[in-house]
Amino acid sequence: MKSNVLFFVFLFIGTVAFAQEGFKGEHFIEVTGTAKQEIDPNEIYVSVQLKEFEESREKVMLEKLDKEFWDAVKAANIDRKKVELANAGSQFGKLGRKDKDAFREKTYQLKLSSGAELENLLAKIEPVKVNQVMITKVTHSDIEKFRLDLKVKALQAAKAKADALVKSIGSEIGKPLMVREFENFYPMATENVMLRSKVNDDTAGEFAPEDEGTAFRKITLQAQVTAQFEIK
């Protein structure tokens, strides 16, 4: 029992000594600065899935859907270089495993540069009986630069706050003693948003936008920095 008491006493003394050594008797102020910015995306990734289906007991072939898709892309004045094949395969319908029961499918990924370009694509692709259209990613080509700029602004805000507070008591801030950053970059509001999808087998080829307004939202970025400054 006595040894346990001695252990806790030594532990307490060691903790106090460590704390005193860590602060080294410096007088400092700790503040937090934040910066926030909204930017328009210039990279919008859209997934378009084509899939064979039956209509009036006849199979609508993938080749037909593929041609109609590319016609829509051309009508929307979208460069073919912005379109790449993401996936191709087939799914078996009914219970059989025969080739005639397999519904082939193909998925394209398009990299668009603006909400206007996306809106134009949706207008041209409306008559095409695609299986679904989905926004999978929304970002900006200079996203890392925006993030770094925000961190700098957040640190500047922290310094301005520290300076104002310390001056109110007749002192001045000195050198920075510690800077700690926190990233709080909101998820892209439009990722994995379904824009078009088939309702059911009876209405194959009919589409309804789930929430087209979300397709043009800005990207919200926010940075937070906590800093300690010496008080002179």
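What follows is a chat about a predicted model of a protein chain.

Trainee: Hi! What should I know about the model before I start?

Mentor: It is predicted, so to speak of local features we ask for pLDDT of at least 70, and side-chain atom pairs count only at pLDDT 80 or more, while totals for chains, interfaces and linings use all residues. Residues are numbered from 1 along each chain as its sequence is written, and side-chain values use heavy atoms, with hydrogens and water left out.

Trainee: Okay, how many helices and strands are in the protein chain?

Mentor: The protein chain has four helices and 10 strands; helices (H or I, at least four residues) and strands (E, at least two) are DSSP runs, numbered from the N terminus. From the N terminus on, the order is α-β-β-β-β-α-β-β-α-β-α-β-β-β.

Trainee: And what share of the residues is buried?

Mentor: Buried residues are 36% of the 232 in the protein chain. Buried means under 20% relative accessible area, exposed over 50%, and partly exposed in between, with a 1.4 Å probe and protein chains only.

Trainee: Rings next. How many aromatic pairs are there?

Mentor: The count comes to three aromatic pairs. Rings of Phe, Tyr and Trp (its six-membered ring) pair if their centres lie within 6.5 Å; planes under 30 degrees apart count as stacked, over 60 as edge-to-face and the rest as tilted.

Trainee: Which kind of pair do Phe69 and Tyr108 form?

Mentor: Phe69 and Tyr108 are stacked, at 4.6 Å centre to centre with 10 degrees between the planes. Phe69 is in helix α2 (residues 62-75) and Tyr108 in strand β6 (residues 102-112), 39 residues apart, and the pair links these distant parts of the chain. Both Phe69 and Tyr108 are buried.

Trainee: What about Trp70 and Tyr108?

Mentor: That pair is edge-to-face: Trp70 and Tyr108 are 5.4 Å centre to centre, with 80 degrees between the planes. Trp70 lies in helix α2 and Tyr108 in strand β6, so the pair ties together parts 38 residues apart in sequence. Phe69, Trp70 and Tyr108 form one aromatic cluster.

Trainee: Nice. Which charged residue lies over the face of Trp70?

Mentor: Arg80 does, at 3.9 Å from the ring centre. Elsewhere, the charged end of Lys59 sits over the ring of Phe103, 5.2 Å from its centre. For this, NZ of Lys or CZ of Arg must be within 6 Å of the ring centre and within 35 degrees of the ring normal.

Trainee: Back to α2. Which of its residues are buried?

Mentor: Leu62, Leu65, Asp66, Phe69, Trp70, Ala72 and Val73 are buried in α2. Seen down the axis of α2, these buried residues fall within an arc of 155 degrees, so they line one face of the helix; the arc is that of the directions from the helix axis to the C-beta atoms. The face turned away from the buried side of α2 carries the exposed residues Lys67 and Lys74.

Trainee: Last one: where does Asp149 lie?

Mentor: Asp149 lies in helix α4, and at 30% relative accessibility Asp149 counts as partly exposed. Asp149 and Ala223 are 74 residues apart in sequence and 9.3 Å apart in space, C-alpha to C-alpha.
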